[in-house]
Structure formats: structure tokens, C-alpha cells
Amino acid sequence: MINSVIISKKEIKELQNLIVDRYDLHSEFVAEYKLLSDLQKSLYSILVDESTELVDLQNKVAEINTQNETVHSTINAFNESTQEVNQAKEKVSESFKESK
């Protein structure tokens, strides 16, 4: 019984750390997505400006594409973190069931 409680505390601490990491990744995603949104808004504003040069438009699109890749990478990291949190929650749950 004591070993089970010790394992559970260790597993709970691991779960807590994973949740904090996941929360940080979510915050990073929100920041990256906001940047992407701002870049897209600036693209729309230069699209209506008739004096915009093609090279400026191409540069803005390239910048948006790069940021879009960053957002997708952040989403993938967040999704992986979610899987880790879910696995740790299941492990803690099973540990509690066994200790009953």
C-alpha cells in the first residue's frame, strides 16, 4: 500500500508537469496564431493599396507562409503534449484504482 501511494505521488507530479508544459504550449500557440492573424490583416491592407509592388506582396505572402508553418508546428507539439497528458492521467487513474 505504501509503495502504491509513493508511485501515485510520483505519477501525479509527472502529470502536473505535463499539464504545465501543455499549458505553456497552448500559450505559445495563441501568440503564434495572433501573429499569423496580424500578418494576414496586413496582407489584406496592402492588397487594396494600388501602389503596392508585386515584390512587396510576394514578400508578405512568404512571411505569412513561414508563420503558418510555425503555427502548424506549434499545433503538432500541443497535440503531442495532449496525448502525453492523457496517457499520464490514465496511468494515475489506474494507480488509484489499484490502491483501493
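On the cut-offs, buried is under 20% relative accessible area, exposed is over 50%, and partly exposed is in between, with a 1.4 Å probe and protein chains only.

Quick housekeeping before I go on. What you see is a predicted model, where local features need pLDDT of at least 70 and side-chain atom pairs count only at pLDDT 80 or more, while totals for chains, interfaces and linings use all residues. Residues are numbered from 1 along each chain as its sequence is written, and side-chain values use heavy atoms, with hydrogens and water left out.

So who does Glu63 pair with? Lys60 makes a salt bridge with Glu63, and the closest N and O atoms are 3.3 Å apart. By salt bridge I mean a side-chain nitrogen of Lys or Arg within 4 Å of a carboxyl oxygen of Asp or Glu. Both residues belong to helix α2 (residues 54-99), 3 residues apart, which is about one helical turn. Now, is Lys60 buried or exposed? Lys60 is buried, at 17% relative accessible area.

How many salt bridges does the whole structure have? The search finds 2. The other one joins Lys34 and Asp38, with 3.2 Å between the closest N and O atoms. Those two sit in helix α1, 4 residues apart, again about one helical turn. Here Lys34 is exposed, at 53%, and Asp38 is partly exposed, at 32%.

Let's zoom out to the whole chain. The C-alpha atoms fill a box of roughly 75 × 15 × 15 Å along the principal axes. The radius of gyration is 22 Å, whereas a compact globule of 100 residues would come out near 13 Å. That radius is taken over C-alpha atoms, and the globule rule is 2.2 Å times the number of residues to the power 0.38. Buried residues make up 23% of the 100 residues.

What about contacts, meaning heavy atoms within 4.5 Å? If you take the ones between residues at least 6 apart in sequence, 82% join residues at least 24 apart.

Thr74 is in helix α2 and counts as buried, at 4% relative accessibility. Which residues does Thr74 touch, leaving aside neighbours within four places in sequence? The answer is Leu25, Glu28, Phe29 and Glu32. Meanwhile, the C-alpha atoms of Thr74 and Leu54, 20 residues apart along the chain, are 30 Å apart. Compare that with Glu14 and Phe78: they are 64 residues apart along the chain, and their C-alpha atoms are separated by 17 Å.

Rings of Phe, Tyr and Trp (its six-membered ring) pair if their centres lie within 6.5 Å; planes under 30 degrees apart are stacked, over 60 edge-to-face, and the rest tilted. By this rule there is 1 aromatic pair. That pair is Phe29 with Tyr33, tilted, at 5.8 Å centre to centre and 40° between the planes. Both lie in helix α1 (residues 2-47), 4 residues apart, about one turn of the helix. Phe29 is partly exposed at 23%, and Tyr33 is partly exposed at 47%.

Definitions and conventions
Contact = heavy atoms within 4.5 Å.
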